[in-house]
Amino acid sequence: MTTTGIQFETVPHWIDGAPADSAAAEQVEIVDPATGHAVRTVGLGGADLVDKAVASARNAAESWASTPTPARATILLAFRSLLLEHSEEIASIITAEQGKTLADARGEVARSVEAVEVAASAVQQLKGEYAEQVANGVDTYSFRQPLGVCAGITPFNFPVMVPVSMFAAAIACGNSFVLKPSERVPSASVRMAQLLAEAGLPAGVFNVVHGGVDAVNALIDHPDVAAVSFVGSTPVAREIYRRSAEAGKKVQALGGANNHLVVMPDADLDAAADALVSAAFGAAGQRCMAVPVAVVVGDVADQVVAKTAQRAEAFTTGPGNAEGSDMGPLISEAALERVRSALDTAGSQGGTVVVDGRAIDSRGEGHFVGPSLVDHVQVDSDLYQDEIFGPVLSVVRVDDLDEALRVVNASPYGNGASIFTSSGAASRHFAHHVQAGSVGVNVPIPVPISWFGFGGWGDSRFGDDGLNYDAYRFYTRSKVVTQRWTEPSRGVTPNFVAAGS
Ligand code: NAD
C-alpha cells in the first residue's frame, strides 16, 4: 500500500492523522463500474474501530476548538490550494470508483473547492450579537461555540463534494470530525485526509472509518459524538434521524429525491430539451438533483418529447474516462437491474417507451445502460413512484400550471423543482407555491450553491437544515451572556454623565 493517490490494494481507514490498517476487518470488493471488475478492497470497521476514531477526535477537539478561527481558516485555505493542485488526480479517483465522466468529476471538485472557501469565511458567520442596556447597566451578547465530535455518513454519488460540504464547515467551526464514507467509493476520503494532514490539520481533527450499518450505528450510539450529518436514501435517512434523535444528538439527515421540471407552453423548447437531457441523464441520473420527471403543460408535449428524444439518442454512453462519453455507468449491477426492471414494467403501466436505454446491454462487463425516455407516465405507476436513480426521464402531461403544481406537490419528496417559461408571473407563482427546498427557473438543476443553505423538504430531509452556508448553525450552539459591570469605587452602575459633570 502506498499512501498517495489510490494505489491501495486495501483502502485504509484514517485515524489520528495516519492510515489505519483495514486488512483484518471484513473485506468488501471495490468494483470499477465501467468494467464490473474488482480493483481493490476495503475493510469494514465496527464498534472497536469507531471507538478508536472517536477517541482520537475527542482528544483533538479541545485544542482545535480553542485554536483561533482565522488560524483554522488558514489550514482550510491550504487544503483548498491542495485540492486545486490535485484536482485532476481527485477527479480521476472519483471517476474510477463512482463511474461519472471526468468532466462531471472535475465539476464535483470545483464545487468542493467552493465549499471550502465558504467554510474558510467562518469568522464572518460566527460573529454574534450584542445588545447594550437591556436593563439598567446590563448588556447582553451572544456567540456560537463548537459542538465537539461530529460524524458524517455519506452516499456513493458524490465521493468528494458531500463529505467536504460537511467536514469543511464542521472543522472551520472548531469541531473534530469522523467521516463514514460510502463503502462503494472509499478512496477519495482517504486522499482528502492525506491532503488535510499536508495542509497542517492536527492529528485527530479529521478521521475516516470505512464500514456499513455496524459502523454507522456505533457512531450514532457513541456517547462522545455530539452531532450526526447524513446524506443518502430516504429510508436510511429516516432511520438515522430516528436513532440519532433518540440518542439525544443534533441530526440532519438528507434523503432521496424525485425532482420535477415543468415545461410551460411559452418556454424556449430547445433550451428546455437541452436542460432535460443534461438533468435527467448527466451522471447517469445518479444525482440527488437529477430530474427524472418532466411535467409538460399544454399542447407542446409532442414537440418537447420529440426534441428530447432526438437529444437522448445523440447521447454517448461510455466509460467515464473515455473521450466523448456524455454519461458513464451505474454504480452497481443491482442499480442496473433496478433501471432495467423499471423500464420492463413501464409499458404495462401506461407509459410509452420512446427511447429505450436497454439497447445497451453490458451486463457482466460494466454497469452501462443508455438514456431512456418514457412518455405518458402515470403518477401511480412504479416508474413515477420509485426513486429510480438512473438515466430514465418520465414525461407526465398536464393541462395547466396549477395541475403541474398539484403533480409536483403531491410527491412525498421535495428536494428540487424547476420551471422553464418566458413568463415572470408564471415563474414567480411556481417559486412561491412549489413544495421544494431548491427551485430552478430556466436552469436544468438548481445546484447547491455553497453561499446558500441546501436541504430538501418533505421526505428529502429529516431533522435540521444546514449544509453549505447553513452549516455554521448546525455545527455550533449559541451561548448568551448577560452582564452587569459595576464601578468598583461606588459599587453601583456608573452614571457617566454624572461622573463627568
Ligand atoms: P444509501 O442510503 O444506500 O447509503 C448512504 C450511506 O448510508 C452510506 O454511507 C451507507 O454505508 C450507509 N447506509 C446504507 N444503509 C444503511 C443502513 N441501513 N443503516 C445505516 N447506514 C446505512 O445511499 P446511496 O445509495 O449511497 O446514495 C444514493 C442516495 O442518496 C439516493 O437516494 C440519493 O437521492 C441520495 N442523495 C441525496 C442527496 C441530498 O442532498 N438529499 C445527495 C446525494 C445523494
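Modeller: Gladly! Let us start with Asp16, which counts as partly exposed because its relative accessibility is 44%, and partly exposed means between the limits for buried (under 20% relative accessible area) and exposed (over 50%), with a 1.4 Å probe and protein chains only. This is a predicted model, where local features need pLDDT of at least 70 and side-chain atom pairs count only at pLDDT 80 or more, while totals for chains, interfaces and linings use all residues. Residues are numbered from 1 along each chain as its sequence is written, and side-chain values use heavy atoms, with hydrogens and water left out.

Biologist: What is the phi of Asp16, and where is Asp16 found?

Modeller: Asp16 has a positive phi of about 60 degrees although it is not a glycine. Asp16 sits in the loop between strand E2 (13–15) and strand E3 (18–20); strands (E, at least two residues) and helices (H or I, at least four) are DSSP runs, numbered from the N terminus.

Biologist: Why is Phe452 called exposed?

Modeller: Its relative accessibility is 57%, and exposed means over 50%, so Phe452 counts as exposed. Phe452 is in the loop between strand E20 (438–441) and strand E21 (453–454).

Biologist: What makes the nonpolar surface patch there?

Modeller: Val447, Ile449, Trp451, Phe452 and Tyr469 make a patch of about 500 Å². Patch residues have over 30% relative accessible area and no salt bridge; nonpolar side chains (Val, Leu, Ile, Met, Phe, Trp, Tyr) are joined within 5 Å, like charges within 9 Å.

Biologist: What makes Arg80 and Glu117 a salt bridge?

Modeller: Their side chains meet at 2.6 Å, N to O. A salt bridge needs a side-chain nitrogen of Lys or Arg within 4 Å of a carboxyl oxygen of Asp or Glu, so the pair qualifies. It links distant parts of the chain, with Arg80 in helix H2 (residues 69–85) and Glu117 in helix H4 (residues 102–119), 37 residues apart.

Biologist: Why does the salt bridge of Glu88 and Arg106 tie parts of the chain together?

Modeller: The side chains of Glu88 and Arg106 meet at 2.6 Å, N to O. Glu88 lies in helix H3 (residues 87–98) and Arg106 in helix H4, so the pair ties together parts that are 18 residues apart in sequence.

Biologist: How far apart are Glu246 and Arg242 in helix H9?

Modeller: They are four residues apart in helix H9 (residues 234–246), about one turn of the helix. Glu246 counts as exposed because its relative accessibility is 64%, whereas Arg242 is partly exposed, with 37%.

Biologist: How many salt bridges does a search of the whole structure find?

Modeller: The search finds 22. Asp270, Asp274, Lys307 and Arg311 are linked in a network of them.

Methods
Areas by Shrake-Rupley, 256 points an atom, 1.4 Å probe, with all protein chains shown as cover.
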